[in-house]
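Work through the exercises below with the coordinates open. Each task is followed by a solution in steps.

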Amino acid sequence: MTSTPAEAEASDELLSASAPDDRLTPRARLTLLLLCAAQFIIALDFSILSVALPVLGEDLGMGRADLQWAMTAFALPAGGFLLLFGRISDLFGRRRLFLAGLAVFTMASVLAAAAWDPASFLAGRALQGLGAAAVVPTGMSLLTTTFPEGPQRNKALAVNGTVLSLGFTVGILLGGVMTDQLGWRSTMTLLAGAGAIVAIVAPLLLAESRPAERPRLDVPGAVTVTGGLLSVIYALSTAADQGFGEIEVIATLVLGLLLLGAFVAVEFRAAQPLVSLQMLRRPSVAFGNLGGLTTFSMMSSVIFLLTLYLQQVLGLSGFETSLVFGGQGVVLAATGMAASRIIAALGARRTLVVGLAVQSAGTAALVFLPGSGGVPLAVTALLLASVGHMSAIVSYGVNATSGLTDHEQGLATGLVTSAQQIGITIGIPVLSALAAGRAGALERAGENAATALLGGTRLGLGANAVLAMAAAVAIAAGLRRAGTSR
């Protein structure tokens, strides 16, 4: 590792906490708090505008069809550049890129808050996504290299997973309250202020971290994987609005898949690949990331579809809708606090499988949402799904980063965070496109708009539950065959 004497001293103090239990030194707790705060802010940004979109569109003159770009402009660079920035951090220093990402994110939030037209707002959102693509993998790498594998890392990942999912949920709650009381610009101002605070404190706590020998940047791999991810995320995002039958969507999706195929071919031949295919052959890494991709994509789409149901079928306001999700935050926090003990009792594999199964069961209950008076069922089923979701979040991170050396952690956490961010990005467009198609068919058959939307929402939630359960079964079978007992 390359570090200054002061940084080495700080790092030694953190690692001195490597007792056989999960107790952390005061400095280690502060470092964990800082890294989790950064992840929380990024997760907050994914959802804080979801309830505010109608007001934002009216203020900036964005048509209804263009509102998806408020989310897509952030998601494209946030998901597309993750793997590239994960490797760049290994080359030039994780702390350095972490701080640079925070600076970009904070300045971009100021631009988005001060936006005077759609173009300036979308530019701010895209730069926010670019900053997030640097902060997320470097923050995770700093976490996994700071806390040694075992009880301490499990505890750190449990706290981080709790904070991450809480950020997504709290974003919906804050978005509704702040937009109603202060206007949508206050949400971007909040992100700018929070980013600035973390950026000021971070240099005081974080030591530099990177491999002793710098690997060469795999340029062909970086170009193909970044282009492939950008194309796929763009295609899936636009399909939610235009449908999967549009030529633009099909062409972009095919291009993305071809580029990702080329990326795999490049990695087989690269002397120092961007992603170690040998690492992907490890069942814990492959199936762990499948669990992360599934739990994030399915839960984000549950929240999106449930938001539409509450507002457009039951007629709740944006503020009332955000309150429905308030209990979810409490359950996520409680489950996250208990997650390390659950993993200690069941093992990471079993916790991941059971978590996905419980998430699937809670989502399946939402298929029975009625056309009126459905809030009690919505809240109860959402809370059950959230218990499984949080268990899966923490255990997938443990599965996907265990058994790896420090110099592999940049790549491993790049995969972990890619699964997380891509999951959040693709779940909503895929299942909302399915729901919208069913709703359109019902409307054409003579149903009113609310009834048609309810039918589409039920189909989307049903497909969601099936996919989560299928992933649980596949992970259980795959890890059992690989000889992973727990």
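**Exercise 1.** Does Phe-121 count as buried or exposed, and at what relative accessibility?

Solution. The model is predicted: local features need pLDDT of at least 70, side-chain atom pairs count only at pLDDT 80 or more, and totals for chains, interfaces and linings use all residues. Residues are numbered from 1 along each chain as its sequence is written, and side-chain values use heavy atoms, with hydrogens and water left out.

Step 1. Take the cut-offs: buried is under 20% relative accessible area, exposed is over 50%, and partly exposed is in between (1.4 Å probe, protein chains only).
Step 2. Phe-121 has 0% relative accessibility, so Phe-121 is buried.

**Exercise 2.** Find the aromatic pairs and classify the pair of Phe-81 and Phe-85 and the pair of Phe-121 and Trp-184.

Solution.
Step 1. Rings of Phe, Tyr and Trp (its six-membered ring) pair if their centres lie within 6.5 Å; planes under 30 degrees apart are stacked, over 60 edge-to-face, and the rest tilted.
Step 2. Searching the whole structure gives three aromatic pairs.
Step 3. Phe-81 and Phe-85 have ring centres 5.8 Å apart and planes at 25°, so this pair is stacked. Phe-81 is partly exposed at 22%, whereas Phe-85 is buried at 14%.
Step 4. For Phe-121 and Trp-184 the centres are 5.4 Å apart and the planes are at 85°, so the pair is edge-to-face.
Step 5. Phe-121 belongs to helix α7 (residues 118-146) and Trp-184 to the loop between α8 (151-182) and α9 (185-205), so the pair ties together parts 63 residues apart in sequence. Helices here are DSSP runs (H or I, at least four residues), numbered from the N terminus.
Step 6. Trp-184 is buried as well, with a relative accessible area of 2%.

**Exercise 3.** Describe the surroundings of Ser-301.

Solution.
Step 1. Ser-301 sits in helix α13 (residues 283-313) and is buried, at 1% relative accessible area.
Step 2. Contact means heavy atoms within 4.5 Å. Leaving out residues up to four places away in sequence, Ser-301 touches Gly-427, Ile-428, Leu-431 and Asn-464.
Step 3. A polar contact is a pair of N or O atoms within 3.5 Å; within protein, one must be able to donate a hydrogen and the other to accept it, and residues adjacent in sequence count only if both atoms are side-chain atoms.
Step 4. The side chains of Ser-301 and Asn-464 make such a contact at 2.8 Å. A polar side-chain atom of Ser-301 also lies 3.1 Å from the backbone oxygen of Ser-297.

Conventions. Helix = DSSP H or I, 4+ residues; strand = E, 2+ residues; numbered from the N terminus.
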